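Here are some friendly notes to read alongside the structure. Keep the 3D view open and turn to each part as it comes up.

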Amino acid sequence: MKPLPWSYTGLDRFVTCPRQFEAMNVLKTVKDVKGEQQLWGEYVHKMFEARQRDGLELPPELAEHEPYMLKLACLPGKHFVEQKVALNRQLEPCEFFGDGVWNRGVLDFVAIEHHRAVIVDYKTGKVKPNLKQLALFALFIFHTYPQVTACYTRYYWTQTKQETEEEFLRGRIPEIWNKFLPDLKQYAEAFKLNIWQPRQSGLCSGWCPVTECEFWKPKRSK
């Protein structure tokens, strides 16, 4: 079986549990039911997009983030909002839904000026130390814009208004890809052999929608 084009979210789901990934992304026998937090996150992204792309005023419940939105709007260079990017297996830019697409992603905010890019990803959940998604976004920019030699990436945590920052340089592209290669190898192997092993975790206790899995258990009553 040919591997599906992957995204950071999809690969993360596969790493968390191949069995869940198969049900949700390959067989599509289970739908991802969006919870309150996920719906809120989508709303925040939509409002931030309207602010940056169209200059619309933030709604009252998000007005506290206007100083940060203004900070981004004042960055020098060309701005991209909710930019869809895709690469083929030769790591060349391609159509997002093209036949040869290998990897896809959507970047919340990007400002590019000459050799420098600023990439911002909005996060509405709790602060986490994992920077791999920022690393992948930097790779997207390096492969799409050959003139960019440095990517200054950051998460913007809306709950606390904190930023988590990381700098990536073009000369480190092979090293950055190495962060993903072990997981991508397992990903390709699962499609080749059509074997999707379940991976037991705390999500098995009622949080995973794949109820037919042998590790699934209902949530504990309070």
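The numbered points below go through the sheet, the cores, the helices and a few single residues.

1. A word on the model. Please keep in mind that this is a predicted model.

2. Begin with the five strands, which form an open sheet in the order 1-2-3-4-5, with mixed pairing. Strand 1 and strand 5 are the edge strands, each pairing on one side only. From one strand to the next, the twist averages 35 degrees. If pairing is new to you, strands of a sheet pair through backbone hydrogen bonds, either parallel or antiparallel.

3. Strand 1 beside strand 2. Strand 1 (residues 78-88) pairs with strand 2 in the antiparallel sense, over ten bridges. Two places to look are K78, which stands opposite I112 in strand 2, and Q83, which stands opposite L107 in strand 2. Is strand 2 mostly covered or mostly uncovered? Strand 2 (residues 101-113) is mostly covered, with ten of its 13 residues buried.

4. The hairpin. On to strand 3 (residues 116-123), which pairs with strand 2 in the antiparallel sense over five bridges. These two strands form a hairpin with two residues between them. E113 stands opposite R116 in strand 3. H114 sits in the loop between strand 2 and strand 3, and its phi is positive, near 55 degrees, although H114 is not a glycine. This is worth a second look because most residues other than glycine have a negative phi. H114 counts as exposed because its relative accessibility is 63%, and exposed means over 50%.

5. The helix across the sheet. Now find helix 4 (residues 66-73), which lies across strand 1, strand 2, strand 3, strand 4 and strand 5. Helix 4 runs at about 160 degrees to strand 3.

6. The largest core. Which residues have the most contacts inside the largest nonpolar core? They are I141, W177 and F180, in a core of 38 residues. Helix 1 (8-16), strand 1, strand 2, strand 3, helix 5 (132-144), strand 4, helix 6 (173-177) and helix 7 (181-193) each supply at least two residues of this core. Helix 5 gives the most, with nine residues. Another core, of 15 residues, lies apart from the largest one and includes M69, F109, A111 and Y122. As background, nonpolar side chains tend to be buried together in soluble globular proteins.

7. Two packed helices. Helix 1 and helix 7 pack at an angle of about 75 degrees, and their axes are 10 Å apart. The two helices are therefore roughly perpendicular to each other, because angles of 65 to 115 degrees count as such. L11, F14 and V15 of helix 1 make the contact with D183, L184, Q186, Y187 and A190 of helix 7. By class, this contact has six nonpolar, one polar and one charged residues.

8. Helix 2 and its cover. In helix 2 (residues 18-26), the buried residues are P18, Q20, F21, E22, A23 and M24. What covers these buried residues includes helix 1 and helix 7. Just after helix 2, K28 takes a positive phi of about 55 degrees.

9. After helix 7. Not counting residues up to four places away in sequence, W196 touches F14, P18, R19, F21, E22, V26, A190 and F191. The C-alpha atoms of W196 and V26 are separated by 10 Å, although these residues are 170 residues apart along the chain. N194 lies in the segment after helix 7 too and has a positive phi of about 55 degrees without being a glycine. At 45% relative accessibility, N194 counts as partly exposed.

10. A buried loop residue. Finish with T158, in the loop between strand 4 (150-157) and strand 5 (162-169). T158 is buried, with a relative accessible area of 8%. Beyond residues up to four places away in sequence, T158 touches V44, F48, H65, K123 and T124.

Methods:
Residues are numbered from 1 along each chain as its sequence is written. This is a predicted model: local features need pLDDT of at least 70, side-chain atom pairs count only at pLDDT 80 or more; totals for chains, interfaces and linings use all residues. Side-chain values use heavy atoms; hydrogens and water are left out. Helices (H or I, at least four residues) and strands (E, at least two) are DSSP runs, numbered from the N terminus. Buried means under 20% relative accessible area, exposed over 50%, partly exposed in between (1.4 Å probe, protein chains only). Contact means heavy atoms within 4.5 Å. Two strands pair if DSSP finds at least two bridges between them. A nonpolar core is a set of buried Ala, Val, Leu, Ile, Met, Phe, Trp, Tyr and Cys residues joined through side-chain atoms within 4.5 Å. Axes are lines fitted to C-alpha atoms, for helices over the stretch in contact, and angles run from 0 to 180 degrees between N-to-C directions. Angles under 35 degrees count as roughly parallel, over 145 as roughly antiparallel, 65 to 115 as roughly perpendicular and the rest as oblique. Ala, Val, Leu, Ile, Met, Phe, Trp, Tyr, Cys and Pro count as nonpolar, Asp, Glu, Lys and Arg as charged, and the others, Gly among them, as polar.
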